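This report describes a fold and then follows selected residues within that fold.

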Amino acid sequence: MGKIKMNDWEIIANQRIAQDTWKIILTLSHGKGEEGLFAWPGQFVNIKIDEKYLRRPISVCDFDQGKLTLIYKVVGSGTAWLADRKPGEKLNLLYPLGNGFDTNAIDNHKKNRADWGRGWRAAIIWIGEKTYCGRKTTGDYHGLCHGSTRIL
């Protein structure tokens, strides 16, 4: 893990994708890219929530072309506040945090099980897309993509 940073990120989109589940897409407010910053699925950020002492840890779902995607569930007042944020607003993040999962350890041609731990839901989306989307597979993978087309 590299140096931990703190910056304001601008909200591009914040949409409900299921009951109590939201997807938020962010980009750095100052416009400089952070390519390669989030090296592994399973890493997370800490988001500053107004009028709350503690930040909220949210797992990284994807980081591509300077856009950070997070998926979170509304379970309390902090994440309810986050769900009310609109595009154009800014969020203060501490990042990158955690070690994540080494996707190089995944064999593309065998079904593997992993001890996912906390944040596995967001990480499995990233792993599926980076490992299988856009590649020819043996046909034993279904769910996130088909060929180079994203399903999720």
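Two strands are taken to pair if DSSP finds at least two bridges between them. In this predicted model, six strands close into a barrel, and their order is S1-S2-S5-S4-S3-S6, with antiparallel pairing. From one strand to the next, the twist averages 45°. S3 and S6 pair in the antiparallel sense over three bridges, and Phe44 has Leu97 in S6 as its bridge partner.

The largest nonpolar core holds 22 residues, among which Leu26, Val45, Ile47, Leu68, Leu70, Leu91 and Leu93 touch the most other members. Two or more residues of this core are given by each of S1, strand S2 (21-28), strand S3 (44-47), strand S4 (56-64), strand S5 (67-73), H1 and strand S6 (90-97), and the largest share, four residues, comes from S2. Leu91 has contacts beyond four places in sequence that include Asn7, Asp8, Trp9 and Ile11, as well as Ile24, Leu26, Ile47, Trp81, Leu82 and Arg85.

Asn14 lies in strand S1, which covers residues 5-18, while Ala83 lies in helix H1, which covers residues 77-83. Asn14 has a relative accessible area of 13% and therefore counts as buried, since the cut-off for that class is under 20%. Ala83, at 8% relative accessibility, likewise counts as buried.

Leaving aside residues up to four places away in sequence, Asn14 touches Trp22, Lys23, Ile24, Tyr72, Leu82, Ala83 and Arg85. With the corresponding exclusion, Ala83 touches Asn14, Trp22, Tyr72 and Val74. The side chain of Asn14 also reaches two backbone oxygens, that of Ala83 at 3.5 Å and that of Arg85 at 3.1 Å.

| Residue pair | Separation along the chain | C-alpha to C-alpha distance |
|---|---|---|
| Asn14 and Thr69 | 55 residues | 9.7 Å |
| Ala83 and Arg16 | 67 residues | 8.1 Å |

Which residue in helix H1 (residues 77-83) has been followed here? That residue is Ala83, whose backbone oxygen is reached by the side chain of Asn14, a residue of strand S1.

How values were computed: Residues numbered from 1 in each chain as written. Predicted model: local features only at pLDDT ≥ 70, side-chain atom pairs only at ≥ 80, totals over all residues. Heavy atoms only, no water. Buried < 20%, exposed > 50% of the residue type's maximum accessible area, 1.4 Å probe, protein only. Contact = heavy atoms within 4.5 Å. Polar contact = N/O pair within 3.5 Å; in protein donor to acceptor, adjacent residues only side chain to side chain. Core = buried A, V, L, I, M, F, W, Y, C linked by side-chain atoms within 4.5 Å. Axes fitted to C-alpha atoms, helices over the stretch in contact; angles between N-to-C directions.
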